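Me: I have a structure open and would like to go through it with you. Could we begin with the ligand and then turn to the helices?

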Amino acid sequence: MKKIVILISGRGSNMRAIIEAKLPYKICGVFSNNPDAEGISHAKHAGIETCVIDHRDYPDRVSYDEALGESIETLNPDLIVLAGFMRILTPGIINRFSNRIINIHPSIIPAFTGLNTHNRALATGVRVHGCTVHFVTPDLDEGPIIAQAALQIKSDDTPQTLSKRVLALEHKILPKTITWILEGLCSLSDGQVSLDPKIFDDSFYIQR
Ligand code: GRF
């Protein structure tokens, strides 16, 4: 059975969506840099191995990522999912697990990489907003795009309502994307993702 590792920093609702999707893969570990991450206790309740590696115990990003990488490598995962992992990874760990790390980001990349995406979408006045799953490369939030889901911004949306509506889309596309990758329906070459035509589904992409 293929194996997934999930990295979180907080609430862990995307991690829960993966668990609840009951995918035919083993979630062999949930890692967090934050000892107080809510998602950790949920993973424990679900009987999943958890590991907290607190970034405050390391002098710099490189040494932290070295320790994290060592620990992840013992599990030999097929895929590492950053599901609300709020740390920028250094090239060392990204190259160590080359093409095996994906991230979920709450905007339609290339718009609004970085933080506060919902506020920025509203301030900019875009009419469409959403989320993206992409492979992780050393460029923050800019790796090859695998899946995106979009919604129409309503005139009464606030950063809070938008965040909630986008999160619901995140919970749909993340488990799907994991399946695409682990079933070989998605391949990466020369920095571009190719998707098998059979996974196209118009209704999945745009939601009001
Ligand atoms: C999500 O919006 C994700 O896109 C972003 O951080 C948030 C994490 O939420 N990277 P959760 O911890 O999965 O609930």
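**The ligand and the helices**

Reply: Please note that this is a predicted model.

Me: How far is the polar side-chain atom of S13 from an oxygen atom of the ligand?

Reply: The distance is 2.5 Å, from a polar side-chain atom of S13 to a ligand oxygen. G12 takes part through its backbone, where a polar atom is 2.8 Å from an oxygen atom of the ligand.

Me: On to the helices. At what angle do helix 1 and helix 6 pack?

Reply: Helix 1 (residues 13–20) and helix 6 (residues 159–182) pack at about 50 degrees, and their axes are 9 Å apart. The two helices are therefore oblique to each other, and the crossing is right-handed.

Me: Which residues make that contact?

Reply: Helix 1 contributes S13, N14, A17 and I18, while helix 6 contributes L167, E170, H171, L174, P175 and I178. By class, this contact has 6 nonpolar, 3 polar and 1 charged residues.

Me: What about helix 5 and helix 6: how do they cross?

Reply: Helix 5 (residues 117–124) crosses helix 6 at roughly 115 degrees, with the axes coming within 9 Å. This crossing is right-handed. H118, N119 and L122 of helix 5 meet P159, L162, S163 and V166 of helix 6.

Me: How many charged residues are in that contact?

Reply: There are no charged residues; the contact of helix 5 with helix 6 has 4 nonpolar and 3 polar ones.

How values were computed: Residues numbered from 1 in each chain as written. Predicted model: local features only at pLDDT ≥ 70, side-chain atom pairs only at ≥ 80, totals over all residues. Heavy atoms only, no water. Axes fitted to C-alpha atoms, helices over the stretch in contact; angles between N-to-C directions. Helix = DSSP H or I, 4+ residues; strand = E, 2+ residues; numbered from the N terminus. Parallel < 35°, antiparallel > 145°, perpendicular 65-115°, else oblique. Left-handed = near helix turned anticlockwise from the far one by under 90°. Contact = heavy atoms within 4.5 Å. Nonpolar A, V, L, I, M, F, W, Y, C, P; charged D, E, K, R; others polar. Polar contact = N/O pair within 3.5 Å; in protein donor to acceptor, adjacent residues only side chain to side chain.
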